[in-house]
Amino acid sequence: MDTQINVGVVGCGYWGPNLIRNFQFLPNCKVGKVADLNQERLGHIKQLYPDIEVTTEFDHILQDDSIDAIAIATPVWTHHELAKKSLKARKHTFIEKPMASSTDQCRELVGLAKNRNLTLMVGHTYIYSAAVRRIKEIVDSGDIGKLLYINTQRLNLGLFQKDINVTWDLAPHDLSIILHIMDSAPVSVNCQGRRSKKAGIEDVTNMSLSFKNGGFAIVQSSWLDPNKVRRMTFVGSNRMIFFDDNETLEKIRIYDKRVEAPPHYDSFVEFQYSYHHGDQYVPHLKQAEPLKTMCEVFLESIVSGEKPLSSGFEGLQVVQLLEAASESLKLGGAKVKIPDLITTMMGEAQESDAGVYESNAVRKKPRGEKEQTQVTHPSLRAVR
Ligand SMILES: NC(=O)c1ccc[n+]([C@@H]2O[C@H](COP(=O)([O-])OP(=O)(O)OC[C@H]3O[C@@H](n4cnc5c(N)ncnc54)[C@H](O)[C@@H]3O)[C@@H](O)[C@H]2O)c1
């Protein structure tokens, strides 16, 4: 493959134009073609970028040999079909979150990419943000002690979706961050919700997750809130981190706060928690558009053959949790157990070549015979 990467984008509604802008302005990349069923949206893109070819036929992108990679920014229910065609046409494939509508669909896509030696990446944009990368560094350094639990709130008024509930719409971001930071396999999910406006589609949900390492997380998602809220709290045994994505400059605040129970006491009267209130610290974050970093990582992964941070596997992990949340909603919030993905996929791999997954833990050497012409994105080395 030439160093210049030619990307085709399918879907230019609300989000697709952001991908087009980023790919178009990155060095060594250009957007060759954009497809959408909607002529008006294509007209809008043509007006912004007269040199980009537009088409209502996705097949025109698939059949174009000059296109190396395809980015998919269409509604979730179309992801599997479009990504399958893209991978079968031997294009490296980027899919917006959530990766697909079911774990079976995701597994099939992971297998197709693996067998064809293609990069498959999912748009978990937040894990490429400066704030989340910094939180990951702090947690991994042990500075906050043992990570006990994560609490997240992603709330706003609308936008009501027609095909998916609020968990599938908003929680993928939180889940991708939680999985990235917690670094442990989830073992169970409970989810409760309410359908206030549209039959069959929950607009408010509350999910809780338990992890193999004892960690716990709560994810609140809502289309029915007067305020736009984007908050996460990471509670460690020594310190706590508060992340407010609505803040422009002071997105992360580290609190030197903790609660300690006395190691031993002889009577209930003697028992008292000790509350520690220390300093607060706001680390400086270098401003960069997370989406730009994510697009760079996709291109670098295509060239190097290295697995991106949000590969098909991480996409599958998030969909596994969303699927379990839907199951729990049906059961009125009952606990749904999560099978360990690496173990189950390694089991499948022994039976058949399809669906083989190499996790970071089991990957022995970089994929493929390609020459390593580029290295990992420098800003991501620390967190890989
Ligand atoms: N990473 C993020 O922060 C982020 C933010 C918003 C949306 N998204 C994701 O982006 C994706 C698209 O969301 P959106 O809000 O832009 O949706 P949208 O409905 O505004 O746009 C989707 C576009 O896809 C087109 N389309 C649908 N089926 C098609 C097909 N078969 N072939 C060609 N075009 C087709 C539609 O005509 C429409 O223009 C979703 O997966 C969503 O979750 C990601």
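What is the handedness of the crossing in which α7 passes α9? The crossing is right-handed. The model is predicted.

## Helix pair α7 and α9

Helix α7 covers residues 166–182. Its packing angle with α9 is about 125°, and the two axes are 9 Å apart.

On the α7 side, the contact is made by Thr167, Trp168, Ala171, Pro172, Leu175, Ser176 and Leu179. Helix α9 contributes Glu314, Gln317, Val318, Leu321, Leu322 and Ala325. By class, the residues of this contact are nine nonpolar, three polar and one charged.

## The sheet

Nine strands form an open sheet with mixed pairing. Their order is β14-β13-β12-β11-β7-β10-β9-β8-β15. The edge strands, β14 (274–281) and β15 (336–337), each pair on one side only.

Strand β7 (residues 147–157) runs antiparallel to β11 (residues 224–236). Nine bridges join the two. Leu147 stands opposite Gly236 in β11.

## Helices on the sheet

Helix α6 (residues 130–141) packs on the sheet. It touches β7, β11, β12 (240–244) and β13 (252–260). The direction of α6 makes about 175° with that of β12.

Helix α9 (residues 312–330) lies across β8 (186–194), β9 (204–211) and β15. Helix α9 runs at about 50° to β8.

Notes: Residues are numbered from 1 along each chain as its sequence is written. This is a predicted model: local features need pLDDT of at least 70, side-chain atom pairs count only at pLDDT 80 or more; totals for chains, interfaces and linings use all residues. Two strands pair if DSSP finds at least two bridges between them. Helices (H or I, at least four residues) and strands (E, at least two) are DSSP runs, numbered from the N terminus. Two residues are in contact if their C-beta atoms, placed from the backbone, lie within 7 Å. Axes are lines fitted to C-alpha atoms, for helices over the stretch in contact, and angles run from 0 to 180 degrees between N-to-C directions. A crossing is left-handed if the near helix is turned anticlockwise from the far one by less than a right angle, and right-handed if clockwise. Ala, Val, Leu, Ile, Met, Phe, Trp, Tyr, Cys and Pro count as nonpolar, Asp, Glu, Lys and Arg as charged, and the others, Gly among them, as polar.
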